[in-house]
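Subject: Model handover

Hello,

Here is the structure we talked about. Please look it over, then read the notes below.

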Amino acid sequence: MSSYKIALLPGDGIGPETMAATELVLEQIAMEFSDLNFETISYRAGAENYRDTGVTLPDAVLEGCLAADAVLLSAIGLPDVRQPDGTEVQPTMMVGLRRAMGLHSAVRPVKLYPGAPCVLQNTGPGIDFVIIRENLEGLFASFGGGGMVGDDVATDTLIVTRKGTSKVAEYAFQLARRRSGRPADGKQIVTCVDKANVFRSMAFFRKIVNDASQSFPDIEHNAVYVDAMSLYMVQNPWDFDVLVMENQFGDILSDLGAGLVGGLGLGPSAEMGDDHALFQPSHGTAPQIAGKNVANPLATILSASMMLDWLGERHNDDSCLAAAAAIETAVAEVLAAQMVRTPDLGGASSTTEVAEAVAAAITKTPVTDTSH
Ligand code: ATP
């Protein structure tokens with residue numbers, strides 16, 4: 001029997017609803033996989049907590065996250081809850097968590113499931129690539145800093161270090177090894193996305209990705225400028241497998257990726273470090289639909305699948321890997337059936353009904369392909 005301690009951060013807006021839906025799915029997993037046990041501890045943090053207590057991320061919550069085997073977060077922040085300088089609490093909390101937990105690589109799968117709405121008329125041989133975003137440096141290294149010269153000039157500095165880029169590059173190549181390659185021809189390939197023709201920091205980023213590739217001779221690699229990549233993601237997304245890029249570029253392109261494959265309600269994400277990992281949907285708190293039981297829970301449920309996949313890999317736990325695959329297969333089945341879906345996907349089902357449909361579709365099958 002494997003037991004995992006999971007810290008849950010339900011957060012704000014639709015966060016508690018998509019988290020409750022995901023807990024329902026995890027309970028079903030624990031019933032189906034009797035050798036798995038999840039010890040979940042739910043913590044209060046985020047905008048509502050800031051409004052009530054003046055603290056976004058209490059020390060005890062951070063300690064709980066650091067002590068857990070993994071952290072599952074749904075969504076943080078509310079537009080009407082502001083800090084004294086006028087900013088929202090979400091960036092402060094997320095950058096704080098990333099730095100404290102050393103989460104160097106953010107992972108966003110861009111995968112088109114059969115039955116999911118797609119804005120592209122031509123989906124070719126399919127869309128299934130992963131964006132790896134450097135998560136601690138780049139332009140976001142300037143968060144909390146930056147400079148002003150009087151009232152006329154403002155600056156933020158983009159930081160690229162050998163250590164940080166090596167970590168994210170190595171992670172990208174390792175992930176490519178576990179995947180079945182790009183849809184176009186099954187080639188396992190890492191693409192560095194940068195602006196190496198203009199910026200010294202970006203040329204350095206590309207060089208370090210190139211250096212990292214030497215340890216992975218079995219994986220191909222190439223490089224594409226970020227502006228061209230935003231075109232290719234729309235025109236020929238099936239030519240990509242694993243993309244690795246600077247923090248701000250990843251922030252932007254991963255929303256474009258979510259838009260390609262059904263919207264934010266279907267986009268899971270993971271933030272990986274050497275010792276910790278945090279999993280969350282790519283959407284925010286969508287306050288205008290909060291409390292109505294209509295939010296799409298699939299992004300959070302798929303994030304929980306990524307969490308089990310990470311735990312399974314880390315602890316050499318085949319049952320956990322199979323559980324991760326079972327969740328993804330169940331989500332794919334529910335989407336393909338096109339019966340139970342929330343309004344953002346054109347349906348009329350509730351958050352709870354979608355979670356129940358996914359839970360009902362979970363079956364214990366041997367693990368074959370755990371790639372996301
Ligand atoms: P943040 O800045 O906190 O990331 P955002 O500006 O990206 O937030 P979101 O809260 O993610 O905005 O949502 C944008 C819109 O997308 C929402 O207003 C909502 O209509 C829709 N949306 C996002 N997530 C979901 C979901 N899980 N289910 C249904 N609709 C969603």
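Two strands count as paired if DSSP finds at least two bridges between them. Helices (H or I, at least four residues) and strands (E, at least two) are DSSP runs, numbered from the N terminus.

Two points on the source. This is a predicted model, in which local features need pLDDT of at least 70 and side-chain atom pairs count only at pLDDT 80 or more, while totals for chains, interfaces and linings use all residues. Residues are numbered from 1 along each chain as its sequence is written, and side-chain values use heavy atoms, with hydrogens and water left out.

**The sheet**

The sheet is open and has 10 strands. Their order is S2-S1-S3-S12-S11-S4-S5-S10-S8-S9, with mixed pairing. Strand S2 (36–42) and strand S9 (220–225) are the edges, and each pairs on one side only. From one strand to the next the twist averages 25 degrees. Axes here are lines fitted to C-alpha atoms, for helices over the stretch in contact, and angles run from 0 to 180 degrees between N-to-C directions.

Take S3 next. S3 and strand S12 (residues 277–281) are parallel and pair over two bridges. In that pair, Val71 stands opposite Leu278 of S12. S3 also runs parallel to S1, joined by five bridges. There Leu9 faces Leu73 of S3. How well covered is S3? It is mostly covered, with six of its six residues buried. Buried means under 20% relative accessible area, exposed over 50%, and partly exposed in between (1.4 Å probe, protein chains only).

Val193 stands opposite Val224 in S9.

Helix H3 (residues 59–67) lies across S1 and S3, at about 145 degrees to S1. Contact means heavy atoms within 4.5 Å.

**Domains**

The protein divides into domain 1 (1–103 + 267–372) and domain 2 (119–260). These bounds come from an automatic or database domain assignment. The C-alpha centres of the two domains lie 24 Å apart. At the interface, 17 residues of domain 1 are in contact with 13 residues of domain 2. Domain 1 and domain 2 bury about 1,200 Å² between them, 44% of it on carbon and sulfur atoms. Buried area is the accessible area (1.4 Å probe) that two parts lose on being put together, summed over both.

UniProt, in an unreviewed entry, places the feature "domain: Isopropylmalate dehydrogenase-like" at residues 5–358. Over residues 5–358 the chain is 42% helix and 19% strand. The end C-alpha atoms of that stretch are 23 Å apart.

**The loop between H10 and H11**

Thr342 lies between helix H10 (318–337) and helix H11 (351–361). Is Thr342 buried or exposed? Thr342 is buried, at 0% relative accessible area. Leaving aside neighbours within four places in sequence, its contacts include Val294, Asn296, Pro297, Ser350 and Val354.

Leu345 is in the loop between H10 and H11. Leu345 is buried as well, at 8% relative accessible area. With neighbours within four places in sequence left out, Leu345 is in contact with Pro117, Gly262, Leu266, Asn296 and Leu335. Leu345 and Glu170 are 175 residues apart in sequence and 36 Å apart in space, C-alpha to C-alpha.

Gln338 also sits in the loop between H10 and H11. Its phi is near 55 degrees, a positive value in a residue other than glycine. Gln338 is partly exposed, at 49% relative accessible area.

**Two more residues**

Asn293 is in the loop between S12 and helix H9 (298–314). Asn293 has a positive phi of about 60 degrees although it is not a glycine. At 29% relative accessibility, Asn293 is partly exposed.

Ile131 lies in strand S5 (residues 128–134). Ile131 is buried, with a relative accessible area of 1%. Not counting residues up to four places away in sequence, Ile131 touches several residues, among them Val107, Val110, Met233, Leu243 and Leu253.

Best wishes

Terms used: UniProt positions are given in the numbering used here, feature names are shortened, and annotations may be inferred rather than shown by experiment.
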